[in-house]
Amino acid sequence: MNEQTNEKVEFTDDDIIFECPFCSKSMAIDKRGMGLTINCPQCSGMVRVPTVSESTDSQPHSVNMPVDGLADALDESRDEIDDLKQKISSLESLREQLEVKSSAQDQKLTSLRREFGNIQSALDQIAMLMANDSANL
Ligand SMILES: [Zn+2]
């Protein structure tokens, strides 16, 4: 069972396929030959082997399209970020207002406590005076 493998494709994925600019003969060369200058086997012209990036240059639009989409998406997310920033700043001003209110209430509470303390001590003094008076009677 010695099958002949002559009919296998002559080039592999590692080969670059390009045409001779002089005689348009299709040639395949190993990727390692990229950028080298070779002699065309048909017309003997000096042919520069294209690099892979040069040979895949043929679809610049399909590369640009997703970038445009990305820019749109970026703009949209920037809008969302701006919205969020506005919400955050309004929340922060609300929080500041609440803090001012609560600190004002704290001040009211302390002044009320002070007044209560004054009243308490005044009551104590009155009670002491009354006790003294009743003792003096
Ligand atoms: Zn040629």
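Ile17 stands opposite Ala28 in strand 2. The structure is a predicted model, in which local features need pLDDT of at least 70 and side-chain atom pairs count only at pLDDT 80 or more, while totals for chains, interfaces and linings use all residues. Residue numbers start from 1 along each chain as its sequence is written.

Strand 1 (residues 15-19) and strand 2 (residues 26-30) run antiparallel and are joined by 5 bridges. Strands are taken to pair if DSSP finds at least two bridges between them. The two strands form a hairpin, with 6 residues between them. In a regular strand, side chains alternate between the two faces of the sheet.

The chain holds 2 helices and 4 strands. Both kinds of element are DSSP runs, numbered from the N terminus: helices are H or I with at least four residues, and strands are E with at least two. From the N terminus, the order is β-β-β-β-α-α.

Burial was assigned from C-beta atoms placed from the backbone: a residue is buried if 20 or more other C-beta atoms lie within 10 Å of its own, exposed if 12 or fewer, and partly exposed in between. Of the 137 residues of the chain, 1% count as buried. Contacts require C-beta atoms, placed from the backbone, to lie within 7 Å. Among contacts with a separation of 6 or more, 17% link residues 24 or more positions apart.

Most residues other than glycine have a negative phi. Ser24 has a positive phi of about 60 degrees, although Ser24 is not a glycine. Ser24 lies in the loop between strand 1 and strand 2. Ser24 is exposed because 10 other C-beta atoms lie within 10 Å. Ser44 also has a positive phi, near 65 degrees. Ser44 is found in the loop between strand 3 (37-39) and strand 4. Ser44 has 11 C-beta neighbours inside 10 Å and therefore counts as exposed.

Val49 occupies the loop between strand 4 (46-48) and helix 1 (52-55). Val49 has 19 other C-beta atoms within 10 Å, so Val49 is partly exposed. Beyond its neighbours within four places in sequence, Val49 is in contact with Ile16, Phe18, Ile29, Gly33, Met34, Gly35, Leu36 and Ile38. Thr37 is 12 residues from Val49 in sequence, and the two are 6.0 Å apart in space, C-alpha to C-alpha.

Terms used:
Two residues are in contact if their C-beta atoms, placed from the backbone, lie within 7 Å.
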